[in-house]
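Here is a short briefing for a first look at a protein model. Please view the sequence and the structure below, then read the points by topic.

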Amino acid sequence: GEKERKKSRWIKAAYAKGSIIVDAGAADKLRQGDVSLLAVGIRDVIGRFERGDVVNVECSGKVIAKGIPDYDSEDIFKIRGIRSDRIEAVLGHKSYDDVIRSENLVLM
C-alpha cells in the first residue's frame, strides 16, 4: 500500500547510522525480497546505533539493503552468527526473532 511505499522511500533516503555486515547466504536470501534479516547471517557490526535507527546492510563491501533493526549495535554484535532460538540465552532478553523485520527492510 501507499504507507509501505512511503516508509520504503523514507528508509532509502535516511542517513544510515551504521552497518550490519552479512554473509553471502543472507545476502542471497535478502535479494529474493520480503524476508527478514536473522542473526545467523550476520558477520559484523560497524558503528554504534540504537534500535529504530536506519542502518546499511552490506555484503562484500556493497550496500545491498537498508533497514531499521529491532536491536541496538551492541546486542547485534553479541548475537551475530547465532540461531534465533539462542538469542534469549545470549542477551537475557529477546524482542524479536529477526534482527530486521521484513517490513522494515528495503533493498537498494
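Accessible areas here come from the Shrake-Rupley method with a 1.4 Å probe. By that method, the accessible surface of the protein is about 6200 Å². Carbon and sulfur atoms hold 48% of this surface. Keep in mind that this is a predicted model.

**Overall build**

- The protein has four helices and seven strands.
- Along the sequence, their order is α-β-α-β-β-β-β-α-α-β-β.
- The radius of gyration is 13 Å, which agrees with the value near 13 Å for a compact globule, because the protein has 108 residues.
- Along the principal axes, the C-alpha atoms fill a box of roughly 40 × 25 × 25 Å.
- Of the 108 residues, 43% are buried.
- Among contacts with a separation of 6 or more, 65% join residues 24 or more positions apart.

**The loop between β5 and α3**

- Pro 69 sits in the loop between β5 and α3.
- Pro 69 has a relative accessible area of 1%, so it is buried.
- Beyond its sequence neighbours up to four places away, Pro 69 touches several residues, including Phe 49, Val 55, Ile 76 and Ile 100.
- Pro 69 and Phe 49 are 20 residues apart in sequence, and their C-alpha atoms are 9.3 Å apart.
- Asp 70 lies in the loop between β5 (62-67) and α3 (73-79) too.
- Asp 70 is buried because its relative accessibility is 6%, and buried means under 20%.
- Leaving out neighbours within four places in sequence, Asp 70 contacts Arg 51, Ser 95, Tyr 96, Asp 98, Val 99 and Arg 101.

**Charges and salt bridges**

- The protein carries 20 positive and 18 negative side chains. The centres of the two sets lie 4 Å apart.
- Side chains of opposite charge can pair when their charged atoms come close.
- The whole structure contains 12 salt bridges.
- One of them joins Glu 74 to Arg 48, with the closest N and O atoms 2.9 Å apart. This pair links distant parts of the chain: Glu 74 is in helix α3, and Arg 48 is in the loop between β3 (42-46) and β4 (55-59), 26 residues apart.
- Glu 74 is partly exposed, at 43% relative accessibility. Arg 48 is exposed, at 66%.
- Salt bridges with shared partners join Glu 2, Arg 5, Lys 6 and Arg 9 into one network.

Note on methods. Residues numbered from 1 in each chain as written. Predicted model: local features only at pLDDT ≥ 70, side-chain atom pairs only at ≥ 80, totals over all residues. Heavy atoms only, no water. Helix = DSSP H or I, 4+ residues; strand = E, 2+ residues; numbered from the N terminus. Rg over C-alpha atoms; globule rule 2.2 N^0.38 Å. Buried < 20%, exposed > 50% of the residue type's maximum accessible area, 1.4 Å probe, protein only. Contact = heavy atoms within 4.5 Å. Lys, Arg positive; Asp, Glu negative; His and termini not counted. Charge placed at Lys NZ, Arg CZ, Asp CG, Glu CD. Salt bridge = Lys/Arg side-chain N within 4 Å of Asp/Glu carboxyl O.
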